[in-house]
Amino acid sequence: MYEIWLVLNILWEMALGVWPLLAGAALLWLLLLAAAALRGAGWRAALPWTVAAGALAAVAAFLLLPAWSRSSLSEMGYWVDWANLAAMACGVGAAVAVFVWPLLAMRRRPQAR
C-alpha cells in the first residue's frame with residue numbers, strides 16, 4: 001500500500017511542476033468539445049475509431065515508456081513496476097482518446113435514430 005501512496009504523491013508533485021501545460025491541455029480539450037458540439041458531431045459514430053486509437057496509443061506507450069526513462073522491460077522485476085507501467089500506458093491511451101474523439105466526431109455525421 002505504501003508504494004501506491006508514494007506513486008500518487010510523485011504524480012501530484014510532477015503535476016505541480018507542469019500545471020500550466022496541463023491547464024492549457026484542458027483548455028484545448030474544452031475548445032475541441034465545444035467545436036464538435038456546435039457542429040452537431042457524430043459522437044457515437046466516432047466511438048469505435050476513438051477506442052482503437054486509444055488502445056493503439058496505450059500499447060505503444062507500454063512498449064516505449066521504459067525506453068524513454070532509460071530503462072527496459074527486462075529490468076522490471078517487481079509487480080508495482082508493472083502496475084505503474086500499465087497505469088501510465090492506460091493514461092496515455094485515455095489522453096489520446098479524449099483528444100481524438102472530438103476530432104473524429106466532427107468528421108462523422110450523426111446517425112439517424
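In this predicted model, helix H3 bends by about 35° at Phe-62, and a proline, Pro-66, follows within four residues of that point. The helix runs over residues 43–68, and just after H3 Arg-70 takes a positive phi of about 60°.

Along H3, the buried residues are Ala-45, Ala-46, Thr-50, Gly-54, Ala-57, Ala-58, Ala-61, Leu-65 and Pro-66, and these buried residues of H3 pack against helix H4, which spans residues 79–107. An α-helix has 3.6 residues a turn, so residues three or four places apart point the same way.

Aromatic side chains were examined next. A search of the whole structure finds 3 aromatic pairs. One of them joins Trp-43 and Trp-101 in an edge-to-face arrangement, with 5.3 Å from centre to centre and 85° between the planes. Because Trp-43 lies in H3 and Trp-101 in H4, this pair ties together parts that are 58 residues apart in sequence. Trp-43 is partly exposed, with a relative accessible area of 26%, and Trp-101 likewise counts as partly exposed, at 31% relative accessibility. Another pair is formed by Tyr-78 and Trp-79, whose rings are tilted, with 6.3 Å centre to centre and 55° between the planes. In this pair, Tyr-78 is partly exposed, with a relative accessible area of 40%, whereas Trp-79 counts as exposed, at 54% relative accessibility, because the cut-off for an exposed residue is over 50%.

The region around Trp-101 also includes a residue of H3 with an accessible surface. Arg-44 lies in helix H3 and, at 65% relative accessibility, counts as exposed. The C-alpha atoms of Arg-44 and Trp-101 are separated by 9.7 Å, although the two residues are 57 residues apart along the chain.

Technical notes
Residues are numbered from 1 along each chain as its sequence is written. This is a predicted model: local features need pLDDT of at least 70, side-chain atom pairs count only at pLDDT 80 or more; totals for chains, interfaces and linings use all residues. Side-chain values use heavy atoms; hydrogens and water are left out. Rings of Phe, Tyr and Trp (its six-membered ring) pair if their centres lie within 6.5 Å; planes under 30 degrees apart count as stacked, over 60 as edge-to-face and the rest as tilted. Helices (H or I, at least four residues) and strands (E, at least two) are DSSP runs, numbered from the N terminus. Buried means under 20% relative accessible area, exposed over 50%, partly exposed in between (1.4 Å probe, protein chains only). The bend at a residue is the angle between axes fitted to the seven residues ending there and the seven starting there. Contact means heavy atoms within 4.5 Å.
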